[in-house]
Every structure is written in structure tokens, then in C-alpha cells.
Amino acid sequence: MRSLPLPRRSGPRALRAHRTAAALATAVLLLSGAPAVAAAEGAPDRDFTIKDPRITESSGLAASRIHPGVYWTHNDSAHPPYIYAVDSRTGETVATVTLEGIGDIRDAEAISLGPDGNLYVGDIGDNLDGSWDHVWIYRFPEPEQLKDVTVRPTQFTVRYADGPRDAESMMVHPKTGRVYIASKNRSGGGLYEGPEKLTASGTNTFRRIGEVPWVTDGAFSPDGEELTFRSYFSARTYAWKDGGRLGGHRAVSAPLQRQAESVTYTADGRALMFGTEGAHSGVVRVDIAKGTGSGSGADDGAAGKGSGGAASSGGTGDGSGGRGNATLGAFVLAAAAALFFGFRRLRGRTKG
């Protein structure tokens, strides 16, 4: 964090100005949840910072099943076709997969690991708000060894039954292998189901099967019984029922991040990992407290009670997680405003 300029005049007033500014800055850091010290290396599946300078727009996360503590990610649009394996113990990239034979990636927004051991990359974004008549999914085996490699993925063409749309969430069910996409819209999106098996020789039509709020990413729990979506300011977990439908849902705690873009479960299903875009972006772990949450909210009118419990980071799992995040955000903004205007007043007092 860059230090703000302080009045240069010496004396009691200047000293008070320095102390007040330091107190205000400390308040902002505490309210925003900024860590006081970096986590020690060696503990997997904990908070970490992506250190690779090439990764500036991490838009998806997927936990490796064969490399404990490793997470797959990728950049957004206008980047080379690289998929990165990042070690959560250190934040360092331990392998880079180059996708060849697919042309330029248009707008990669999601990554998911299927039960077949394949990684699926969703080139499904549409910054022109649904103007492209088709999007793509790329599939390739998760590398058994962590080293730089070039692969030629299988490419699938995707269209929506009800016309083009923007999307940032693609999820592969960990038991059935079926692929789902959630569209993104301020007034709410749709959950789309792909065919039972994707085909590389024709078009794969995805059909709308449910309604979702405005979401930027989603992930199935490893047991396939829950589906969690995140947005810029909140997250929500749905029960997955009847072989492929959204059930009851509950709010879960989500960290306040610069540009909330991604979510995945840890491989053991004990926590959610929330990511954001930006250089040296952070990934935050939120533990799941099983058996503490239930109920149905008003986001999509779903009825019934969700199974399992809510993810919590000091939350209760009773739906207060979203409200807690909003309150935290308000406090952070208020503290930042106080810091800014406080500085202006202090500078004025010390100039005379």
C-alpha cells in the first residue's frame, strides 16, 4: 500500500496529525480484513497470493485431485492460451499448460475438473452482452506431472437454446460429468444444462433449467450434493436434487474482494476458496460448517431446505453472511472516507 503524503511541518499539531492518520489507516486495514502477516509456507489449501506476474486476470479456479494443494487457473480475455497450476503453499506457478490448435481464446471465464480426470475450460464470456452465436469449451486431461507442457484439447461448440448470452460460470458435475453453465445478467441469470455427453463433431445445445442471481462463478461440492455460486458481493449454496435441479438455498460468507471472480471447493470439500482478478491477487479460504444452515431464500423462488451447512468465516450459517459482508463493506468505505477527509482537515490545520 502506497503511503499518503503527510504534512511536513513539525511540532505538536503535526505529531497529532501523524498519529491520527496512522490510526485511521489501521482502522481501514482491520475493517477490510487485511492480514497482518503472510501465512507461513507449507500449509496447503489456505489463503494464498498468486505470485506469477503473467496471471493478472485470474477468472476461474479448480482444485486438483491428483496434486494436493494445487489450484488450476487462467486469465480472462486477450491473453495467451495458458492454464496455470498454482501451489497454495507458496503461491508460485508449478506448471503451465499451453493449449494449441484452438486459435485464440476469446473470453475464458471458468475452469472445472470432471470425474473423468479432465479439466474443462469455459471460453464462455461475452463482453458484448450476448452477441456471439456460439461459445466454446476445451477439455484436456489433468497432467499427471507438474511441468510445462503443450496439449491439443478437444474443442466443443456450445449454443443456448434460447439465444446468445453472457456467462462466467461453468460447472462439471463430479459424479455424472454433465456440464452446466450459468448466464450472467444484472436482473438475474439462468442455469443451463448441456447434453448428457458433449460432442466434438457438432453443436452442443444447452437448455435453461433454472434461475440464478447475478453470478460470476460457481462450483459443485466434491460429493455433488451442493452447488455454490458467488457474485461480486455475496455467495449462495444450493442443494442439488432430483438428478439435476436446484433445491433450497442459503447465504454463505464470502470475502470482500477487489473484483470477485472465482470460487471452488477444496478437494476434501471442507472449505470454499474464493479468488479475485488483478496482479498478485489473493485467494481466500472459507471453512464450511456442516449442519448449521438451512432454509430457502427469495433469489429464485426455490422451495425446501438445503442440505449441509453454511460456509462461515465468523458467520453463523443462518443467512447472515451476505448481510455481514455488506455491513463490513459499509464500514470499510466509511473508514476510507474518514481517512480522506480527516487528512484534508489535518493538512489544513498544520499549514498555518
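Over which ring does the charged end of R106 sit?

**View 1. R106 meets the ring of W132.** This is a predicted model: local features need pLDDT of at least 70, side-chain atom pairs count only at pLDDT 80 or more, and totals for chains, interfaces and linings use all residues. Residues are numbered from 1 along each chain as its sequence is written, and side-chain values use heavy atoms, with hydrogens and water left out. The charged end of R106 sits over the ring of W132, 4.1 Å from its centre. (Such a charge is NZ of Lys or CZ of Arg within 6 Å of the ring centre and within 35 degrees of the ring normal.)

**View 2. Y160 and Y192 form an edge-to-face pair.** Their ring centres are 5.0 Å apart, with the planes at 65°. (Rings of Phe, Tyr and Trp, the last by its six-membered ring, pair if their centres lie within 6.5 Å; planes under 30 degrees apart are stacked, over 60 edge-to-face, the rest tilted.) Y160 belongs to strand 10 (residues 154–160) and Y192 to strand 13 (residues 189–193), so the pair ties together parts 32 residues apart in sequence. (Strands are DSSP E runs of at least two residues, numbered from the N terminus.) Y160 is buried at 9% relative accessibility. Y192 is buried too, at 0%. (Buried means under 20% relative accessible area, with a 1.4 Å probe and protein chains only.)

**View 3. Ring pairs link a cluster.** Its members are Y180, F220 and W240. The structure holds 8 aromatic pairs.

**View 4. Strands 3 and 4 run antiparallel.** Residues 70–74 pair with residues 82–87 over 5 bridges. (Pairing takes at least two DSSP bridges.) H74 stands opposite I83 in strand 4.

How values were computed: Helix = DSSP H or I, 4+ residues; strand = E, 2+ residues; numbered from the N terminus. Buried < 20%, exposed > 50% of the residue type's maximum accessible area, 1.4 Å probe, protein only.
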